[in-house]
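Here is a friendly tour of charged pairs and a nonpolar surface patch. Have the model open as you read, and follow along residue by residue.

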Amino acid sequence: MTVKTRNTRKARIHVTGMTCTTCAANVEKALAEKKGVAQAKVNFASGNASLEYDPAQVDLASIKDTISEVGYGTAVKKSIFPVGGMTCASCVARVEETLRSVPGVVSVNVNLASEKATVEYLDDVEVADLRRAVEDAGYTLGAEAETLEDVSEASQRETRAVKTRFIVAIVLAVTIMVLMWVPAFAGRPYLLWALATPVQFWAGLRFYRGAWGALKHRTADMNTLIAVGTSAAYFYSVVAAIAPGIFTSGGLEAHFYFDTSAMIIALILLGRFLEARARGRTSDAIKKLIGLRPKTALVIRDGKESEILVEEVLVGDVVVVRPGERIPVDGVIREGYSSVDESMITGESIPVEKQEGDDVIGATINRTGSFRFEATRIGKDTTLARIVRLVEEAQGSKAPVQRLADVIANYFVPVVISIAIITFIIWYLVGPVPSLTFAFLNFIAVLIIACPCALGLATPTAIMVGTGKGAEYGVLIKSAGALERFYKVDTMLLDKTGTLTVGEPAVSYIAPVSPFKEKDILRLAAAVESRSEHPLGEAIVRKAREEKLKIASASHFQAIPGHGAEAVVARKKILVGNLKLMRDRKISVKTLEPDIESLQNSGKTVMFLAVDGKLAGLIALADTLKAGAGDLIGELRNKGIEVVLVTGDNRRTAEAIAREVGIDNVLAEVLPENKASEVKKLQDNGRVVAMVGDGINDAPALAQADVGIAIGTGTDVAMEAGDITLISGDLSGITTAISLSRRTMSTIKQNLFWAFAYNTALIPVAAGVLYLAFGNGGVPAGLQGVLGDYGFLNPILAAAAMAVSSITVVSNSLRLRSFKPVKFT
């Protein structure tokens with residue numbers, strides 16, 4: 001046990017899943033043994049774990065993981081807040097560090113691209129404490145966002161404010177530049193000073209606020225670089241205007257750089273505005289989903305139809321939907337029938353037929369008929385709201401590849417400031433005349449051209465577009481980590497029932513014995529099975545109805561457990577059952593032996609029909625493959641992924657299905673609880689494994705796999721079951737997820753390469769390294785507009801280059817919006 005120190009903190013965590021005092025004892029023991037925990041007490045009655053811990057040795061996220069490892073859960077709040085004032089990866093790191101320092105905060109993920117903070121915290125944490133901490137760090141924390149619309153509105157306000165400040169700054173900066181070229185004003189610095197001041201301290205106020213917040217925490221960020229660089233140019237010019245003698249007494253000329261400071265701020269604000277506008281487009285897909293939600297609903301109350309706001313619909317309300325209208329909330333049809341377009345949720349373009357008892361999803365479109373349904377999920381519980389919430393959380397998460405950028409960002413700004421100071425000293429001591437001017441301009445250029453923004457935006461912008469695009473096509477990617485892991489998958493385990501197959505038996509073949517016909521066999525078998533509740537019997541009845549056969553009534557029905565059933569139909573004694581039943585009743589099946597062997601070898605279940613003690617025919621049933629199953633396996637092979645079929649069925653049936661779709665590796669007769677161990681065996685052999693299952697029976701295997709993919713349909717899908725969820729049962733969603741993950745990771749790598757290459761190449765240029773190549777007057781004519789006569793970069797052009805860097809990264813991420821999935825026919 002850890003000894004208490006002065007830094008020890010207290011926390012109370014509500015533990016879920018405990019059913020007895022032994023559970024409480026297990027949790028308490030696990031927590032007490034955790035390094036950094038000084039004391040732990042778990043109360044079964046209240047469900048609370050009270051503990052004291054040393055935050056220097058262990059954090060609440062680790063404590064939460066410890067509770068999960070012993071099989072229990074924790075009840076923590078999760079909120080999404082808009083964050084204002086962030087400009088680079090250093091800002092993200094500082095906001096995260098600040099929020100984590102608030103007692104009771106479990107985990108924090110801050111996303112620069114969306115300007116959101118996703119915070120997990122204990123019940124006793126006040127949002128006011130979070131806001132106060134962030135404001136002390138020099139940023140703003142908005143009210144908790146109920147929806148993406150709230151975050152978008154906050155982001156749009158910020159974008160409008162930046163635009164206004166840019167317009168004022170650029171007008172004044174251009175005016176200053178023009179006046180400096182007019183001889184009549186060249187010697188009147190006070191007018192230039194007056195024009196530059198509002199640009200410096202009003203338009204550039206955001207940079208000073210950010211720099212001050214960083215300074216209070218003894219750190220530095222992008223704002224520091226801009227504030228120091230522009231302030232140097234501004235105050236140098238102020239001194240030159242007020243006391244030019246300071247320069248002339250030393251034999252120097254008093255230069256004015258009001259145009260430099262003003263234009264740098266204007267160009268950086270332009271970059272911020274264009275970047276913010278582009279970033280807003282990264283979440284277009286999810287905004288489109290939110291926009292589908294209808295504003296009103298037509299409900300029946302007190303026997304009358306009333307149009308109310310969709311927020312006022314209650315569970316149990318009967319809602320009326322007419323042709324062409326959007327369904328307001330989730331529910332179950334109670335009256336009527338229709339076809340519903342669910343493409344906006346599932347990605348499936350073909351309308352789905354709906355009748356009484358069927359589920360309907362809010363925001364989908366009723367195409368033809370009119371119906372009434374009972375509301376079952378409203379507000380935050382609807383399928384649409386859950387999808388939006390999951391995608392928002394995924395967009396706020398961080399991919400492991402981002403850690404490198406985060407580490408570099410922590411050291412980036414201090415290193416750049418050091419390089420700028422060294423640059424000034426070197427060029428002041430050994431630079432060409434006037435050395436102070438060149439040293440000063442190079443100092444500013446280094447500060448301004450450095451761009452941690454591009455580093456901070458490289459990963460999150462691509463993640464936002466990628467996860468949003470996935471949701472658009474019915475693929476919910478629940479974290480950036482899952483997206484990155486899926487990129488590395490080389491082995492995929494596919495569950496058979498409900499994944500590759502429809503999950504229910506269907507009649508696939510009928511073999512009659514003369515004088516009976518196929519329809520005779522089906523009609524008589526259906527008459528008997530209409531009294532049965534066995535799944536195979538239901539499949540036979542369903543087939544007879546599809547064939548529009550008249551099903552006669554059966555009397556004297558008797559089920560024969562494990563074998564079949566018998567009854568009297570049209571005064572004939574009908575026996576329906578398996579081969580053992582036929583043998584028990586001494587009924588010969590020799591006539592159909594060739595068919596029997598062939599059907600059994602192909603994994604089908606064979607049912608026999610006897611009439612008055614003589615064989616009349618057989619019916620073969622099988623769980624049919626989903627459309628596109630064979631195409632899926634082909635696509636996975638083309639992508640270099642090894643496919644393994646895993647099922648609880650017998651080996652003969654499993655291998656028959658595998659042969660049909662082209663799978664070579666089969667794991668048969670594997671119980672659900674043993675599927676996880678099969679995944680583990682593959683991982684122990686160095687494989688990166690994805691497991692595809694129904695999200696319910698396969699939950700342990702989905703959790704064990706590097707990437708768990710839960711497959712389902714509509715509202716029934718277990719969205720929380722896997723790392724990736726396919727809302728529709730369409731198998732093409734698997735290849736969509738793979739292709740999207742690969743393209744997203746490729747985009748992230750391109751972004752990171754650009755961000756690193758930009759800073760690696762241009763910081764030395766800004767420091768004046770090209771002077772060594774060109775010397776005095778050796779700059780080619782085509783580059784003199786950029787580098788002057790000596791190879792030194794103009795700070796104004798440095799500001800433009802910095803703005804272009806961030807915009808390039810965001811624009812590259814936006815190319816993901818053109819992604820189109822492969823659909824199996």
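## Salt bridges overall

Searching the whole structure turns up 24 salt bridges, each being a side-chain nitrogen of Lys or Arg within 4 Å of a carboxyl oxygen of Asp or Glu. Please keep in mind that this is a predicted model, in which local features need pLDDT of at least 70, side-chain atom pairs count only at pLDDT 80 or more, and totals for chains, interfaces and linings use all residues. Residues are numbered from 1 along each chain as its sequence is written, and side-chain values use heavy atoms, with hydrogens and water left out.

## Glu305 and Arg322

One of these salt bridges joins Glu305 to Arg322, with 3.2 Å between the closest N and O atoms. The pair links distant parts of the chain: Glu305 belongs to strand 10 (residues 304-309), while Arg322 sits in the loop between strand 11 (318-321) and strand 12 (330-336), 17 residues apart. Helices (H or I, at least four residues) and strands (E, at least two) are DSSP runs, numbered from the N terminus.

How exposed are the two partners? Glu305 counts as partly exposed at 41% relative accessibility, and Arg322 counts as partly exposed at 39%. Here, buried means under 20% relative accessible area, exposed over 50%, and partly exposed in between (1.4 Å probe, protein chains only). Glu305 and Arg322 also belong to a network of salt bridges that includes Glu325.

## Arg377 and Asp330

Arg377 and Asp330 meet through their side chains in another salt bridge, at 3.9 Å from N to O. This pair, too, links distant parts of the chain, with Arg377 in strand 17 (residues 371-377) and Asp330 in strand 12, 47 residues apart. Arg377 is partly exposed at 29% relative accessibility, whereas Asp330 is buried at 0%.

## A pair within helix 17

Lys469 and Glu472 form a salt bridge whose closest N and O atoms lie 3.5 Å apart. Both residues are in helix 17 (residues 452-472), and because they are three residues apart, about one helical turn separates them. Lys469 counts as buried, with 8% relative accessibility.

## A nonpolar surface patch

Which residues form the nonpolar patch on the surface? They are Ile421, Ile422, Ile425, Ile426, Tyr428, Leu429 and Val430, with about 690 Å² of accessible area together (Shrake-Rupley method with a 1.4 Å probe; for residues, only the protein chains shown count as cover). Patches are made of residues with over 30% relative accessible area and no salt bridge; like charges are joined within 9 Å, and nonpolar side chains (Val, Leu, Ile, Met, Phe, Trp, Tyr) within 5 Å.
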